[in-house]
Amino acid sequence: MTSPDTATRPPLTTTIRLRLRQPARRRNIELGMLLLAIAINGVALGLVQIGALGRIGGTMLALGAGLGILVLAVHVALRVVAPDADPFVLPIATVLNGIGIAGITRIDIAKELVGWDASGVRQIAWSAIAIIIAFAVLLLIRNHRVLLRYRYVIGLAALILLLLPLVPGLGRPVNGAYVWISVGGLSFQPGEIGKILLAVFFAGYLVTARDSLSLVGRTILGIRFPRARDLGPILVVWMFAMVVLIGQRDLGTSLLYFGLFLVMLYVATGRPSWIILGMLLFVGGAFAASRLFTYVGNRFTAWLDAFNPEYADDQSYQLVQGIFGLANGGLLGTGLGRGRPDIVPLAESDFIMATLGEELGLIGLFAILCLYLLFVSRGFRIGFTGQDDFGRLLGVGVSFVVALQVFIVIGGVTRVIPLTGLTTPFLAAGGSSLVANWIIVALLLRLSDSVRSQPRWVVVPS
Amino acid sequence: MNKELRRVSVLVLLMFLALFTSSSIIQVFQQDELAANPFNARTLYDSFSAERGSILVDGIAIANSVPVDDEYSYQREYSNGPLYAAVTGYFTLDQGTTGIEGELNDFLSGTASEQFLDRVNAILTGQNPQGAAVQVTIDPAVQQAAWDALGDLKGSVVAIDPTTGAILAMVSTPSFDPNDLASHNSSVVIDNYTELLNDTDDPLINRAISGDLYHPGSTFKLIVAAAALESGEYTPDSELPNPRTITLPESSSVVSNSGGGACGGGDTVTIADALRLSCNVPFAELGQELGYEAIAAQAARFGFGDESISVPMSVTPSIFPQTESEAQLMLSSFGQANVRVTPLEMAMVSGAIATGGTQMLPTLVDKIVAPDLSIVQALEPQVYGTPLSSETAALMRDMMINNVASGAASNATITGVDVAGKTGTAQNGEGEPYTLWFTGFAPADNPQVAVAVVVEDGGGLGQSGFGNTVAAPIAKKVIEAVLNR
């Protein structure tokens with residue numbers, strides 16, 4: 001039987017033309033946001049100069065533009081070497097770095113520093129170096145699992161770096177904390193690089209050792225506590241943190257390393273008991289140290305009783321002046337270049353947040369905090385969606401270390417915790433900090449590229 | 001691993017929440033408190049480098065900020081420093097501020113909460129912050145007349161408009177030049193400040209409202225007379241015994257009238273005559289009859305002991321001290337013993353009588369004008385209290401007119417105008433020069449000014465100066481300046 005309308009039916013098969021295309025959506029998003037970030041940075045730098053000097057200085061803007069071109073070059077390279085990398089990481093790092101340069105330049109203007117004496121000029125140079133190093137890391141480490149192989153070497157390197165400031169003649173006290181080393185006039189914070197190596201080591205170690213750390217143990221009050229012999233690692237790291245606290249006289253650095261370890265341990269093993277144990281150990285140790293060592297105790301007093309006339313002109317002078325700066329900024333800020341952030345000692349490095357908070361106001365400070373939060377969340381995304389546990393743990397580790405450092409530094413400036421000698425990631429003046437944080441950018445880009453949350457190739461009808 | 005990650009995410013959120021909270025507390029909630037902290041140098045720098053508002057008298061600046069090329073950007077200048085020093089006060093880098101400069105600093109520097117929108121506007125438009133101008137109630141002609149009349153004498157003149165409380169003149173001599181303390185060179189300021197501070201004549205003290213206060217002498221009889229009339233048991237014609245002297249109870253001290261004789265000719269004397277001739281003996285008797293409570297209550301109604309009066313500089317409370325001793329009470333009744341007053345308080349007493357019993361709150365602030373010429377705050381006359389009834393006020397006024405017309409205050413007479421007044425010649429101890437007083441108001445039927453004049457050190461005449469010879473002529477010139485406006 002044939003149907004009368006057979007002739008009008010379309011043919012069962014037909015020729016369709018298909019094309020394979022590599023999706024570039026992520027990189028295009030990145031490009032758009034990068035251009036926005038560079039524009040924000042340029043405007044911020046220009047406003048600082050107009051606000052504080054009354055005119056625009058061409059040199060700084062030209063140097064800044066050079067940095068912008070460098071970042072755009074990284075973007076172009078990413079299209080080839082890590083096309084699926086997270087599109088937010090690079091623009092956020094860029095805008096934070098740029099706002100930091102604007103803030104540092106603000107202090108330079110107030111202190112009438114120009115040329116190589118100006119921290120802002122050096123910061124731009126360091127930014128260029130840091131971006132180039134980050135780019136090198138991106139090219140060198142094409143597969144992050146390589147790092148797993150060298151975990152013990154990396155761990156040893158981290159240990160050496162972190163303890164370097166304690167070597168007599170090498171360590172240089174800043175603000176009473178021994179977190180800097182000084183070699184031939186060049187200063188460096190070895191802990192900044194050390195924290196990344198530590199994160200790599202922890203990730204590598206925990207991926208291999210987590211089964212024994214999580215599966216066995218005794219249950220008390222519904223929480224499974226580890227066996228005594230498995231306590232080894234946490235005790236070693238705790239002792240190490242205490243050495244840092246007492247030797248380097250810095251609660252922040254100590255808290256950073258120990259906090260990083262605890263969180264990675266918890267994420268790897270899923271045992272809250274580790275957190276409880278660790279917190280008890282740390283708080284107990286810090287308390288004992290504050291009682292045993294006057295300089296640790298003094299830092300606590302200067303924090304708790306900052307406005308006491310006895311300390312406000314002395315131990316807590318910087319903290320109190322920073323808070324006055326923030327208060328002076330208020331909700332809206334004084335406007336870039338129009339505050340008096342230079343009253344605060346180290347306003348371009350440790351207290352860069354007080355500088356920015358004064359001139360950009362609470363609104364600006366919130367915006368910066370949100371940028372950090374977004375940055376950290378992109379790192380956590382790798383933890384949520386990654387395919388290999390080492391990569392996931394490493395992504396969480398390096399982004400948590402940024403979050404914790406932001407908390408410790410800004411918490412110190414706003415009197416949530418005692419003041420420390422750590423630097424604000426991306427913002428503060430200082431080469432070691434910049435290099436370290438840009439390496440974190442490179443690692444996050446590399447890790448996120450490996451997540452492959454979307455197809456490499458798509459079929460498009462032509 | 002994802003469950004743990006979620007928990008760590010929450011931890012990170014909490015950490016950031018702590019930062020959001022702490023920064024909000026500092027930058028918003030504690031902002032004012034932190035700005036007022038004595039360790040906060042920013043507030044000082046800002047109040048110097050803002051274009052500080054002017055202090056105006058009748059629309060003309062007596063203090064203004066001139067741009068200069070140093071770290072503070074603006075220099076404070078006083079166009080007629082010594083004349084207005086009691087009003088403006090001084091404004092220094094690190095030796096504090098006084099007067100209007102100190103009390104209205106928030107407005108002058110533009111940091112008052114009323115000027116919040118102006119500040120936002122200045123930020124948005126990129127302009128320099130600007131303070132508000134303060135127009136004071138001082139009348140330049142009256143101030144000048146008071147200044148000229150006091151001349152080289154040490155003392156003070158306060159003139160107020162009794163119907164509004166507006167202070168028309170406030171002079172304190174010897175004065176100082178606030179320009180000497182406005183320098184941006186700290187050591188110059190400290191040198192000048194130390195010199196002024198060590199000056200035994202205390203030029204930095206505003207004698208009109210503060211300092212060591214004065215014995216009111218016979219001017220206090222106004223308050224005793226008012227207390228008597230208010231009690232309802234006395235009229236101006238009530239008779240009091242009229243001995244030449246009276247010996248104080250439980251004491252060998254003798255009170256006599258200033259002339260040494262009896263008060264008028266009779267065996268008795270009326271309250272009106274005792275006030276007109278300013279006799280001490282009858283008032284000592286009257287005070288004894290009235291008792292401590294009645295006089296203290298009347299003094300308190302006039303504002304004695306009130307610490308809250310500010311113009312806006314706070315006014316040292318005048319004192320009618322608690323006493324159990326009748327001798328002390330009798331001495332207090334003609335303004336001796338431990339009674340102490342400010343010239344402003346005495347002007348307020350005259351003002352209350354002038355208006356028929358309504359006492360206005362004195363003030364120096366006419367209006368505060370924002371940089372955009374909008375009025376931030378304008379003088380609204382405020383009633384301080386009703387220390388005496390209109391009947392008592394009328395009787396008091398008539399007695400005070402007689403004081404000037406045919407009594408002990410004759411040197412305040414102005415042809416064609418009824419001047420009401422009371423003199424005082426207060427003793428300050430054995431051999432010490434007198435404190436000379438005049439307080440009063442004019443015209444009596446339509447009062448435009450209430451005035452108090454005090455001259456220290458007997459006006460240079462030791463114990464031969466009298467209120468009527470030294471203070472009354474000064475008051476006369478001040479009153480004439482008001483009437484000639």
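Start where the two chains meet: select the 30 residues of chain B that are in contact with 41 residues of chain A (contact is C-beta atoms, placed from the backbone, within 7 Å). This is a predicted model, where local features need pLDDT of at least 70 and side-chain atom pairs count only at pLDDT 80 or more, while totals for chains, interfaces and linings use all residues. Residues are numbered from 1 along each chain as its sequence is written, and chains are lettered from A and ligands numbered from 1 in the order in which they are written.

Now colour helix H1 (2–29) of chain B (helices are DSSP runs of H or I, at least four residues, numbered from the N terminus). H1(B) gives 17 residues, the largest share of the side of chain B that touches chain A. By class, that side has 18 nonpolar, 10 polar and 2 charged residues (Ala, Val, Leu, Ile, Met, Phe, Trp, Tyr, Cys and Pro are nonpolar; Asp, Glu, Lys and Arg charged; the others, Gly among them, polar).

Next, pick A:Leu260 and A:Met264, which touch the most other members of the 149-residue largest nonpolar core. Such a core is a set of buried Ala, Val, Leu, Ile, Met, Phe, Trp, Tyr and Cys residues joined through C-beta atoms within 7 Å, buried being 20 or more other C-beta atoms within 10 Å of a residue's own. Helix H15 (residues 389–413) of chain A supplies its largest share, 16 residues. Leaving aside neighbours within four places in sequence, the contacts of A:Leu260 include A:Phe202, A:Phe400 and A:Leu404.

Note on methods. Buried ≥ 20, exposed ≤ 12 C-beta atoms within 10 Å, placed from the backbone. Helix = DSSP H or I, 4+ residues; strand = E, 2+ residues; numbered from the N terminus.
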